Amino acid sequence: MIDSYKIIACVFLISLLASCTIKNKEQLVDNESEFHGEFIENFSDTVSNFFRHGTGGKGADFTWKMGVSSSSETDTKVLSFKIDPEDAAGAGKGPEIISKKFTSYGTYAARLKIPDPKNIQPNVGAVVGYFTYRVDSIYGQSEVDFEWLISDPRVIYIGTWTGQRDNSQRIGRTINLAEGIIYDSSYRKRDGSDRMNFTGDQNQPEQIDPIENYDASSQFYTYGFDWHPDHIRWWMIHPITSDTVVLWNYQGSDIGIPNTHTHYRMNFWHTNNWPVHTNPSSIEKPIYPFELEVDWMLYKPME
């Protein structure tokens, strides 16, 4: 059954990626060897040709391993991230992998399963990040992201950060996928100012059907985003029908769309000031090495 799911996902992704076309390559470095071509990292080995480990925390050996057996799919080799209770709070303080070369416009996808803390520490403050990120000295921040605050695995955060790092701007959407609720689709500055709720083309789809019993910690799910110069589409694969569920198709404005090359990343870290939308108490320091499992990560640049 596991293999059949992977085959379905791969067939879908191959057909999706074949449709990618690039509009331009402005603001990219000149040396093409500095950019990744198309790849799928299956994390079947203990090292990767495409990613390196990086962290601003203590970097304890147990916090990250590649090519280990999944605890829930014994025939699946994964990237395992375990949060270290001794690490400080803050993005980048936990385990993280970073692409060895640059990436840019194209399609990104990953199959992953976040931790389930409810029987151990339901108010834990911990973030799983699947994203691109780089800060350019001229153009500022370039980030496209998926994030899960693991104390409520029904909720997904998606969006971007752009602009100068001291007060960059966020476009974001927060979704409870189990209930089909879009809590927020908006623009704001990092300091919280200039907040604006999106309407029209910037707010599509306006409604999302719930996925019954969706829980990002209950099984592996496939998520992805298509980053174009003029729009970004976040999506996932429906676990039953294998259809593409569009979470947000942001278009109609260039506000919030990154336009510089970046690095492809996955991380897991403690937050002490960002509670999940549904639980304002969820900022506790982790007391247990909760585990994130990543089956594979894919990148297809536009050509």
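Is Ile120 buried, partly exposed or exposed? I looked this up and found Ile120 partly exposed, with a relative accessible area of 41% (buried means under 20%, exposed over 50%, and partly exposed in between, with a 1.4 Å probe and protein chains only).

I note that this is a predicted model, in which local features need pLDDT of at least 70 and side-chain atom pairs count only at pLDDT 80 or more, while totals for chains, interfaces and linings use all residues. Residues are numbered from 1 along each chain as its sequence is written, and side-chain values use heavy atoms, with hydrogens and water left out.

I placed Ile120 in the loop between β6 (106–113) and β7 (strands are DSSP runs of E with at least two residues, numbered from the N terminus).

I then turned to Ser142, which lies in strand β8 and is buried, with a relative accessible area of 1%. The C-alpha atoms of Ser142 and Gln164 are separated by 9.5 Å, and the two residues are 22 apart along the chain.

Last, I looked up the lining of the largest pocket, where 36 residues take part and Glu147, Trp161, Arg190, Trp269 and Trp274 lie nearest the centre (on a 1 Å grid over the protein atoms alone, a pocket is an open set of points where a 1.4 Å probe fits, with protein on both sides within 12 Å along at least five of seven lines, and lining residues have an atom within 4 Å of a point). Among the elements that give two or more residues to this lining I noted β8 (140–149), β9 (155–163) and β16 (263–270).

Key. Helix = DSSP H or I, 4+ residues; strand = E, 2+ residues; numbered from the N terminus.
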